[in-house]
Amino acid sequence: FCNFFSSSAAMSHKYQVGQLVAVRDDEEEPWQCGRIASVDPILVKRRPRSAPLKFNLVSPLEALDDKDIKGLIGFDQQMRNQ
């Protein structure tokens, strides 16, 4: 069982603008932390001033296991930017 949602299946999960999520484009990449910038389509900003981007895999942080959360790129920065 995979604990991520592809962007096509992501519509089944209710995201909110500003929500912290984990994103990546394929399963070989490490997860990166970002914030939902748009819900239709789902676009994520990895930095406050960056352009919103579309990712192939979007996951709520709650769906990640502890190992993935510890390795989440940019998580500390996102927490500081709240």
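**Entry 1: pairing around β3**

I count two strands as paired if DSSP finds at least two bridges between them. With that settled, I looked up Arg35 and found it opposite Lys45 in β4. The model is a predicted one, and I kept that in mind for each entry below.

I then asked how many bridges join β3 to β4. There are four, and the two strands run antiparallel. I noted that β3 and β4 form a hairpin, with two residues between them. Besides Arg35 and Lys45, I looked up Ser38, whose bridge partner in β4 is Leu43.

On the pairing of β3 with β2, I again found the antiparallel sense and four bridges. One position I checked there was Ala22, which has Cys33 in β3 as its bridge partner.

I went through the eight residues of β3 and found six of them buried, so I wrote the strand down as mostly covered, with under 20% relative accessible area as the cut-off for each buried residue.

For β4 I asked which residues make up the covered face and which the uncovered one. Ile42 and Val44 are on the covered face, and Leu43 and Lys45 are on the uncovered face. I set this beside the general rule that side chains in a regular strand alternate between the two faces of the sheet.

I placed Ser38 in strand β3, which spans residues 32-39. Leaving out residues up to four places away in sequence, I listed Val17 and Leu43 as the residues that Ser38 touches. Leu43 had already come up as the bridge partner of Ser38. I also took the C-alpha separation of Ser38 and Leu53, which are 15 residues apart along the chain, and got 9.5 Å.

A polar atom of the Ser38 side chain lies 2.7 Å from the backbone oxygen of Pro41. I located Pro41 in the loop between β3 and β4, the latter being residues 42-45. I then asked what form the peptide bond from Asp40 to Pro41 takes. The bond is cis, with omega near 5°. I noted for reference that most peptide bonds are trans.

**Entry 2: two loop residues**

I found Gln19 in the loop between β1 (5-6) and β2 (20-24). Buried or exposed, I asked of Gln19? I recorded Gln19 as buried because its relative accessible area is 18%, against a limit of under 20%. Beyond residues up to four places away in sequence, Gln19 touches His13, Lys14, Gly34, Arg35, Ile36 and Pro60.

Ala51 is in the loop between β4 and β5 (57-60). With the sequence neighbours up to four places away set aside, I found Ala51 touching Val44 and Lys45. Ala51 and Ala37 are 14 residues apart in sequence, and I have their C-alpha atoms at 9.2 Å from each other.

**Entry 3: the salt bridge**

I searched for salt bridges and found one in the structure. The partners are Asp68 and Lys67, with the closest N and O atoms 3.6 Å apart. I counted the pair because the cut-off is 4 Å. Asp68 is classed as buried because its relative accessibility is 18%. Lys67 is classed as exposed because its relative accessible area is 62%, the exposed class being over 50%.

**Entry 4: the whole chain**

Of the 82 residues, 35% count as buried. I put the accessible surface at about 5200 Å², with carbon and sulfur atoms holding 52% of that area. Among contacts with a separation of 6 or more, I found that 53% are between residues 24 or more positions apart.

**Entry 5: confidence**

I noted a mean pLDDT of 84 for the protein, with 84% of the residues reaching 70 or more. I then asked where the pLDDT is below 50, and the stretch is residues 1-11. That stretch has 28 contacts in the model beyond near neighbours in sequence. Where pLDDT is low, predicted coordinates should not be read in detail, and I left the matter there.

How values were computed. Residues numbered from 1 in each chain as written. Predicted model: local features only at pLDDT ≥ 70, side-chain atom pairs only at ≥ 80, totals over all residues. Heavy atoms only, no water. Salt bridge = Lys/Arg side-chain N within 4 Å of Asp/Glu carboxyl O. Buried < 20%, exposed > 50% of the residue type's maximum accessible area, 1.4 Å probe, protein only. Contact = heavy atoms within 4.5 Å. Polar contact = N/O pair within 3.5 Å; in protein donor to acceptor, adjacent residues only side chain to side chain. Areas by Shrake-Rupley, 256 points an atom, 1.4 Å probe, with all protein chains shown as cover. pLDDT = per-residue confidence, 0-100.
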